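Here is a protein chain to go through by question and answer.

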Amino acid sequence: MGIGGGLGVMLEGVRASVAALDALEREDASLASGLDVGFGVGAGVDVLQRRYEIRLERLELTSRLEAQLAGVKARDAADAAGFQEAMTPPDASVQDRTYAQMSVVEEIAAVLTVSSGAAGALVEQSRRICALPLVFEALSTGDVSWQHARIVADETEGLDAVGAAGLVAHFFDPAAPDAARGAAPGELVPSRFRAKVRGWRERHHPESIEKRHVKGVADRRMEYTPDRDGMAWVSLYLRGDTACAIWNRTTATARGLQGTNEPRTLTQLRPDIAASLLLGAGMTSGVQETAAGAGEDVPDPGAPGTQSSGTQSSGTQAVTEIGKVPIPRADVLVTVPVFSLLGLTDEPAELDGFGPIPASMARRLVAGGAESFYRVLVDPRDGAHLEIGRKNYRLTGSIKHWIRLRDAQCTFPGCTNKTPDNETDHLQAWEHGGTTGTSNLAQLCPKHHRLKHHSQWTPDPATSKDPPGWTSPTGRHYNPDQQDSEPTHWPPGSLPAHAVRGAVVAGVELGATGPVEDGQWQQLLASMPPWSDPPVEEPPSEDLLDPGELRPADPLWDEFHARFYELPADPQADWQLLLHLM
């Protein structure tokens, strides 16, 4: 990559940002001195408010300038490595080439006063970013930060050229067929952007998530790292569903312990609870005495993951039972495509609060009777959750689960708090005319729930599929972080050919010359009319109303269409019908 006009354009952007910062500094100085020097400062201007807004604008411009300079830095690091390779003789040995590469890394490290490891990472990441034109353009114009660009570089590692191009187009090309919706990459905090990028990567990786998960499970471990001030770190690398359940359980327990007589914060309570559980809480005193006296770890017969009948005959058996990880039963929602649940495809499932998980993990959660498993219908054309009307007037548990599925985390800008610790809030208060429909409900963590009610942060209306955006007290609008839904994977021959044989898609008659191909199925689904909900039968309940008793203009009809049908508990009859069709 050359350093001609491209660098000149980048530097023009840098100069424009510096000029804008200079203009704001001169305006602020004018306000501070009480003078009006061409900035339109009149008697009706709130000086403190305007100076506050100037600070925000300068922070925004500084962030953009930092990204632009990071683009210049990445371009120079990649070019320096490229020039060094060009200067290496074509007939140089592998050893000479290796030392030439080491030399340029060491010199970059010395110039930047960083370690050689950090310089090596900078060069490698810069070369990958510069090889992705849309990402490099977004960085050099200040639309994304260096951290955002580095996330793309990290997550495209291991993908082939087609996969990397597809990932970049999805997030950075608004004209792409399957472009990401909602907030742009630079509008998301890096952790939320990484979660979205990683979710896309998991679904499109050339090696299935099942195979990669097997490798990851083999690497599970526990690490202990002493720290200063008499403290230390203990970390676990284990299955995603188990880790998610541990986090949710400790959080829920911590929430339950909080009160007027509990001085510890939620952050302090989590490690205390985890340490208490790991060091023997819940075990009987007799078991603890035996373990202390004989050096044996014997679990409580009623503890999760142990047998509730029989006796422990030896220390070896006790250790085996303790090492048996129970199936998670914390309140976590799992969305599993039906074909994946039946084992006909390996399409990843979605674990609330975590992200994509292997189909085998989802089937394990279901087969093990996980209390948290809820079946959710998805539209096979785009993977979006389907909402079906209900007649219940009150806010039910099912609609709360729906909001959790739609929002995935606290909807406040930049917040990464996951749904099990959040609260379902009315965007417009009930006493001010707000309804109990999905368009007026959203997930908020306790902190931002309180902030909403004690400040001028204002949410937009939500929809059945998308969470709300927000407007700040200074009028800045923040777009919502929307879900990345995709069409369901269909196994070959999943429907009988005679059901659609003769249907014409893109000018081709399906099944005319042989079996219906997967690509034709996707075209057929895209050409289908909008999804029509099946008729709903409700059991008798005091919460239900007879539709015949309502006037056509009654506002309850709006809430009726905002509800959805909670699926029956046993899906086996539907599975048998599906298998019969196949």
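Q: How many aromatic pairs does the count come to?
A: This is a predicted model, in which local features need pLDDT of at least 70, side-chain atom pairs count only at pLDDT 80 or more, and totals for chains, interfaces and linings use all residues. Side-chain values use heavy atoms, with hydrogens and water left out, and residues are numbered from 1 along each chain as its sequence is written. Rings of Phe, Tyr and Trp (its six-membered ring) pair if their centres lie within 6.5 Å. By this rule the number of aromatic pairs is five.

Q: What is the geometry class of the pair Phe412 and Trp457?
A: Planes under 30 degrees apart count as stacked, over 60 as edge-to-face and the rest as tilted. The rings of Phe412 and Trp457 are 4.7 Å apart centre to centre, with 55° between the planes, and the pair is tilted.

Q: How many residues apart are Phe412 and Trp457?
A: Helices (H or I, at least four residues) and strands (E, at least two) are DSSP runs, numbered from the N terminus. Phe412 lies in the loop between helix H16 (397-407) and strand E6 (423-426), and Trp457 in the loop between helix H17 (446-453) and strand E8 (458-459). The pair links distant parts of the chain, and the separation is 45 residues.

Q: Is H4 roughly parallel or roughly perpendicular to H6?
A: Axes are lines fitted to C-alpha atoms, for helices over the stretch in contact, and angles run from 0 to 180 degrees between N-to-C directions. Helix H4 (residues 116-130) and helix H6 (residues 146-156) have axes 9 Å apart and pack at about 85°. Angles under 35 degrees count as roughly parallel, over 145 as roughly antiparallel, 65 to 115 as roughly perpendicular and the rest as oblique. H4 is therefore, relative to H6, roughly perpendicular.

Q: Which residues of H6 make the contact with H4?
A: Contact means heavy atoms within 4.5 Å. On the H4 side it is made by Leu122, Gln125, Ser126, Arg128 and Ile129. The H6 side consists of Trp146, Ala149, Arg150, Ala153 and Asp154.

Q: At what angle do H7 and H8 cross?
A: Helix H7 (residues 161-172) and helix H8 (residues 190-204) have axes that come within 11 Å. The crossing angle is roughly 135°.

Q: What is the mean pLDDT of the protein chain?
A: pLDDT is the predictor's confidence in each residue, from 0 to 100. It stays under 50 over residues 1-5, and also under 50 over residues 282-320. In the chain, 65% of residues reach 70 or more, and the mean pLDDT is 75.
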